[in-house]
Amino acid sequence: LLAKLGALLLPVVAFVVFVVLNGSIVVGDKEHHQAVLHWAQLAYLSAAVFAMFGAWGDDGVLSPRYLRAALSLALKPTSMLGCAAAVACTAGVLHKYSLAHPFLLADNRHFTFYVWGRFLGRIPWLKEALAPVYCYCSWFTWRRLGEAQSQLWVLIWLVAATLTLVPAHLIEPRYLTTAVVVAHAHAPERTWTATAVTAAGCILVNAATVALFLYKPFTGVEGGQERW
């Protein structure tokens, strides 16, 4: 096994050497990019992976097949307590480890500035109230990946994503890209309906983003014209 997979250890060793020599995991401005325990990043990851499966279709996130399975699991006497504990733990983690980086609060050119400023960071207990949603997203992602990969593979993917995301203080959708792409590249083949819905959603989001950039400039704090 070591002879076959040993080469995969080279990036790990190189990473450890880099951290030792650099004195930190951070490249660049170390003062504003300190490693933290930002466990809420895993909730954001589950939502991002979940969203890219598409809403409709037999394998979509709102498929009656998966909704019934999730409801059955939540109401089953032998697993009801575990599901309730998972939701409670998730709510506790979101309450304590939903962090707001100073850059998140200061840069109004980013969508996350408005998501946090108008919703997650403004409405009391909204973060915690989303715990059941995140739990369903996590369950769905684990189940879908488990239909094509071994439980060990899914666990390794989760550990790798945790090591990448949790130390990051800043909420940036691009930080999730690698984990989301890897998950979907190894997920079961999807129906055309789910694929079309996902593609349409991505096209709409990108079109709206480009339209905002081109046609909705705004005046910055220094008086100059800025764009999203």
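Colleague: Why is H10 called roughly antiparallel to H11?

Modeller: This is a predicted model. In it, the axes of H10 and H11 cross at roughly 170 degrees. Angles over 145 degrees count as roughly antiparallel, so H10 is roughly antiparallel to H11. The two axes come within 10 Å.

Colleague: Which residues make the contact?

Modeller: H10 brings Trp 153, Trp 157 and Ala 161. H11 brings Ala 179, Val 182 and Ala 183.

Colleague: What makes these residues nonpolar, polar or charged?

Modeller: Ala, Val and Trp count as nonpolar. The contact of H10 with H11 therefore divides into six nonpolar residues, no polar and no charged.

Colleague: How do you know that Thr 112 is buried?

Modeller: Its relative accessible area is 16%. Buried means under 20%, so Thr 112 is buried. Thr 112 sits in helix H7, residues 111-120. Leaving out residues up to four places away in sequence, Thr 112 touches Leu 104, Ile 171 and Pro 173.

Colleague: Which residues of the largest nonpolar core touch the most other members?

Modeller: Leu 45, Val 49, Phe 140 and Trp 157 do, in a core of 21 residues. Helices H3, H4, H9, H10 and H11 each supply at least two residues of this core.

Colleague: What does Val 49 touch?

Modeller: Val 49 touches Thr 141, Trp 157, Val 180, Ala 183 and His 184, not counting residues up to four places away in sequence.

Conventions. Residues numbered from 1 in each chain as written. Predicted model: local features only at pLDDT ≥ 70, side-chain atom pairs only at ≥ 80, totals over all residues. Heavy atoms only, no water. Core = buried A, V, L, I, M, F, W, Y, C linked by side-chain atoms within 4.5 Å. Buried < 20%, exposed > 50% of the residue type's maximum accessible area, 1.4 Å probe, protein only. Helix = DSSP H or I, 4+ residues; strand = E, 2+ residues; numbered from the N terminus. Contact = heavy atoms within 4.5 Å. Axes fitted to C-alpha atoms, helices over the stretch in contact; angles between N-to-C directions. Parallel < 35°, antiparallel > 145°, perpendicular 65-115°, else oblique.
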